[in-house]
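Here is a briefing on side-chain packing, charge pairs and aromatic rings. Keep the structure open while reading.

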Amino acid sequence: MSITSVDTDYDNLTVTLIADFDAPIDQVWELWSDPRKLERWWGPPTYPATFEKHDLSPGGEVTYLMTGPEGDKHYGVWRVTTVGPPTSLEFTDAFADEDRTPIADMPVSTVRVRLTERDAGTRMEMHSKFESREDLEKWLSTGTLEGQQQAVSQMDVLLAA
Amino acid sequence: MVVDEVPTEVVDEVFRALADPTRRDILRRCVAGEPSVSRLAQAYPMSFAAVQKHVAVLERAGLVTKERRGREQLVRTDAGAVGRARHALDELEAAWRGRVDRMSDLLAEGTERAKSSTTSGAG
């Protein structure tokens with residue numbers, strides 16, 4: 001199991017996760033910096049992601065779409081605020097319309113990632129924050145998470161077997 | 001790791017919190033308004049600290065939240081909203097757990113490939 005700790009703060013609407021990977025820092029960074037790798041883990045199996053624009057520079061934009069089981073498409077845009085390869089990345093993640101423009105009343109979350117070399121591997125600290133409960137609820141209602149929990153517990157079954 | 005819809009501990013906390021008549025009364029007052037802890041303390045024949053403890057139990061169960069406003073601590077509840085926010089955050093947590101699992105798989109794949117290319121000499 002790569003996850004070392006998860007702290008879900010219901011008051012501040014944040015999830016902070018620490019994961020330790022048995023891989024060098026450059027390889028972990030590539031999971032973020034290489035769009036072909038990024039799209040293999042960003043979306044849940046039921047909503048695979050395809051990344052289009054991928055500009056990891058301050059002020060840069062990353063656009064993606066997630067395709068659901070009914071062929072439904074959900075668009076997202078990251079606005080990169082901080083980037084320092086191979087250790088830090090900070091961006092906002094917003095829902096977008098077909099023109100890849102963030103939708104005004106849709107939720108925006110802020111994601112902060114820090115990578116550090118640790119023992120022979122890499123530690124990733126991820127902090128995700130929503131601005132308001134309303135945002136959280138809207139995000140939940142988009143349905144792009146359907147099957148997520150199932151996928152996770154299926155994985156556990158496999159790992160336990 | 002098992003991701004339950006609502007963890008048993010949370011359910012236990014809620015029932016424990018609601019088992020006490022003072023706490024049920026505090027909750028009712030919070031539904032009606034947003035009393036401060038000190039105003040709640042005046043409503044019951046018990047110490048400020050005792051009331052504060054009751055509020056803390058409700059808070060742990062996710063039934064109320066405290067918000068500091070100036071020198072006062074306001075206690076508010078929106079049990080439905082609290083529940084939904086918790087659910088959404090649990091989903092967010094589950095989403096990231098899934099992502100980390102997939103990242104881990106991808107990294108393992110890379111390591112396997114590197115290993116096989118060094119041992120067999122073929123890429």
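A residue is buried when its relative accessible area is under 20%, exposed when that area is over 50%, and partly exposed in between. By this cut-off Phe91(A), with a relative accessible area of 0%, is buried. The model is a predicted one. The points below cover its nonpolar cores, its aromatic pairs and its salt bridges.

**Nonpolar cores**

- The largest nonpolar core contains 44 residues.
- Trp32(A), Trp41(A), Trp42(A), Trp78(A), Leu89(A) and Trp96(B) have the most contacts inside this core.
- The most residues come from helix α5 (residues 79-120) of chain B, which gives 8 to this core.
- Beyond its neighbours within four places in sequence, Trp32(A) touches residues of both chains, including Trp41(A), Trp42(A), Trp78(A), Leu89(A) and Phe91(A), as well as Trp96(B) and Met103(B).
- Other contacts of Trp32(A) include Leu38(A), His54(A), Leu56(A), Val113(A) and Met124(A).

**Aromatic pairs**

- Over all chains, the structure holds 14 aromatic pairs.
- Trp41(A) and Trp96(B) form a tilted pair, because their ring planes stand at 50° with the centres 6.4 Å apart.
- This pair crosses between chains: Trp41(A) lies in the loop between α2 (35-38) and β3 (49-54) of chain A, and Trp96(B) lies in helix α5 of chain B.
- Trp41(A) is buried at 0% relative accessible area, and Trp96(B) is buried at 1%.
- Trp78(A) and Phe91(A) are stacked, because their planes meet at 15°, with ring centres 3.8 Å apart.
- This second pair links distant parts of the chain, from Trp78(A) in strand β5 (residues 73-84) to Phe91(A) in strand β6 (residues 88-96) of chain A, 13 residues apart.
- Trp78(A) is buried, at 0% relative accessibility, and so is Phe91(A), with a relative accessible area of 0%.
- Ring pairs join Trp32(A), Trp41(A), Trp42(A), Phe51(A), Tyr64(A), Trp78(A), Phe91(A) and Trp96(B) into a cluster.

**Charge over rings**

- Arg99(B) lies over the face of Trp42(A), 3.6 Å from the ring centre.
- The charged end of Arg99(B) also sits over the ring of Trp96(B), at 4.7 Å from its centre.

**Salt bridges**

- Side chains of opposite charge can pair when their charged atoms come close.
- The whole structure has 13 salt bridges over all chains.
- Glu30(A) and Lys37(A) form a salt bridge, at 2.7 Å from N to O.
- Glu30(A) is partly exposed at 32% relative accessibility, and Lys37(A) is partly exposed at 30%.
- Glu39(A) pairs with Arg36(A) in a salt bridge at 2.8 Å, N to O.
- Glu39(A) counts as buried, at 19% relative accessibility, whereas Arg36(A), at 44%, is partly exposed.
- In chain B, Glu93(B) and Arg97(B) form a salt bridge, with the closest N and O atoms 3.1 Å apart.
- These two residues are separated by about one helical turn, because they lie 4 residues apart in helix α5 of chain B.
- Glu93(B) and Arg97(B) are both buried.
- Asp20(A), Arg118(A) and Arg123(A) belong to one network, joined by salt bridges that share partners.

Note on methods: Residues are numbered from 1 along each chain as its sequence is written. Chains are lettered from A and ligands numbered from 1 in the order in which they are written. This is a predicted model: local features need pLDDT of at least 70, side-chain atom pairs count only at pLDDT 80 or more; totals for chains, interfaces and linings use all residues. Side-chain values use heavy atoms; hydrogens and water are left out. A nonpolar core is a set of buried Ala, Val, Leu, Ile, Met, Phe, Trp, Tyr and Cys residues joined through side-chain atoms within 4.5 Å. Buried means under 20% relative accessible area, exposed over 50%, partly exposed in between (1.4 Å probe, protein chains only). Contact means heavy atoms within 4.5 Å. A salt bridge is a side-chain nitrogen of Lys or Arg within 4 Å of a carboxyl oxygen of Asp or Glu. Rings of Phe, Tyr and Trp (its six-membered ring) pair if their centres lie within 6.5 Å; planes under 30 degrees apart count as stacked, over 60 as edge-to-face and the rest as tilted. A charge sits over a ring if NZ of Lys or CZ of Arg is within 6 Å of the ring centre and within 35 degrees of the ring normal.
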